[in-house]
Every structure is written in structure tokens, then in C-alpha cells.
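Hello,

Here is the structure I promised to pass on. Please have a look at it first, and then read on for what turned up.

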Amino acid sequence: IVKKTGSGERISEIGRPDFLYTSRAPRFVSTAPSYAYIKIAEGCDNKCAYCIIPKLRGRYRSRNAADIVRETENLCRVGIKEIVLVANDTTAYYSDRNSSSGLPELLERLNNIEKLRRIRIMYMHPARISGKLVEKMNSLSKTASYFDIPLQHTDGDILKKMGRPPFEKAL
């Protein structure tokens, strides 16, 4: 590839997007010392009209819940007090495993980590915010009580142009 590009040839080589991070990988925390981001899934199945993520990152792949708990415990041992759960669509967590209770169950497991003080969830699509998720978030003492939903998800016309389900079909 280096020889080809050196001679001016344009190269595009992308392997199969199937990587999924685990807690065994070395971790560098680049945030303030009190919080860290934890990626709970890779890829995306939404296929929005404007987005290339499914082609670059592949299909949605949820990390194993036990591995996420282990990573959180490791981070808490070095002083992290708050974790921020992220994915291209966090509310789709475990949907690739035919489970709609993945995120509520993960939150409950994380809530049981003694040294952890706060759990935040980012990038929530309203079409997957279930009553069960809302109830679980409300019942757990460490879960931040807000929904991180992009503004465009409140407009049906924009969602239609994006190729996403309308907000009205959520909840």
C-alpha cells in the first residue's frame, strides 16, 4: 500500500468492520479524573439516509454486559466516580441479541458497583426508549435523570428525511 500511494495511486482498503472493544485492551482515560466514557456497542443498524457509520463500523454489536461491568470496576479502582455510556445508539443495546431489556439490565448491574456514583447515558434514540427503561432509570439511585436525545429527533419531517422512525412511534 505504501509503495502504491508513493507512486500516486489512490488506495482504499477497508477490512471487515467487526472489531469490538473489551476490558482486556489497554485503557487511557483522557477526560477529567472523575469520569470516563464507556463504549457499550460498536456499529449501527439504523441506516440513516445521511450516514456512513454502518459501512465504516459495520452492523450493531453489543459488548458483553459482564465485560462492561468489569471495565467500570477497573475504572472505579483508579478513582473514576462517573461513567458515561456511549454507542451510536445506546438504546439499541442488546437488540442485536434479540433482547429489549439489555440496557435496563446493564444499568442495574452498574448501579450495584459500590464506588460508582453516577451513570449517564448518551445518544438515545426515542424510538427505543421503552417504559421499562424509563422505570429502571427512575428507580436506580446512580442513573442521571435526563435523556440525551438529539434535537432533530423531535421533528417528524426531519426524521423522515433522515430515514429514521418518527418520534411519535417511540414510547
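Tyr-37 has Val-84 in β4 as its bridge partner. The strands β1 and β4 (residues 82–86) run parallel to each other over five bridges; two strands are taken to pair if DSSP finds at least two bridges between them. Helices (H or I, at least four residues) and strands (E, at least two) are DSSP runs, numbered from the N terminus.

Before going further, a word on the source: this is a predicted model, in which local features need pLDDT of at least 70 and side-chain atom pairs count only at pLDDT 80 or more, while totals for chains, interfaces and linings use all residues. Residues are numbered from 1 along each chain as its sequence is written, and side-chain values use heavy atoms, with hydrogens and water left out.

The sheet is open and has three strands in the order β1-β4-β5, paired in parallel. β1 (35–39) and β5 (118–121) are at the edges with a single partner strand each, so one side of each has no neighbour in the sheet. From one strand to the next, the twist averages 25°. Helix α3 (residues 65–77) packs on this sheet and touches β1 and β4, its direction making about 165° with that of β1. Axes here are lines fitted to C-alpha atoms, for helices over the stretch in contact, and angles run from 0 to 180 degrees between N-to-C directions. Contact means heavy atoms within 4.5 Å.

What does α3 bury, and against what? Its buried residues include Ile-68, Val-69, Leu-75 and Cys-76, and the buried residues of α3 pack against β1, β4 and α4. Buried means under 20% relative accessible area, exposed over 50%, and partly exposed in between (1.4 Å probe, protein chains only). Just after α3, Gly-79 adopts a positive phi of about 105°.

Thr-90 is buried, with a relative accessible area of 0%. Neighbours within four places in sequence aside, Thr-90 is in contact with several residues, among them Ile-40, Tyr-60, Leu-103 and Met-122.

Last, the helix pair: α4 and helix α5 (residues 131–139) pack at about 10°, with their axes 9 Å apart. They are therefore roughly parallel to each other (angles under 35 degrees count as roughly parallel, over 145 as roughly antiparallel, 65 to 115 as roughly perpendicular and the rest as oblique). Leu-103, Pro-104, Leu-107 and Glu-108 in α4 meet Lys-132, Leu-133, Lys-136 and Met-137 in α5.

Best wishes
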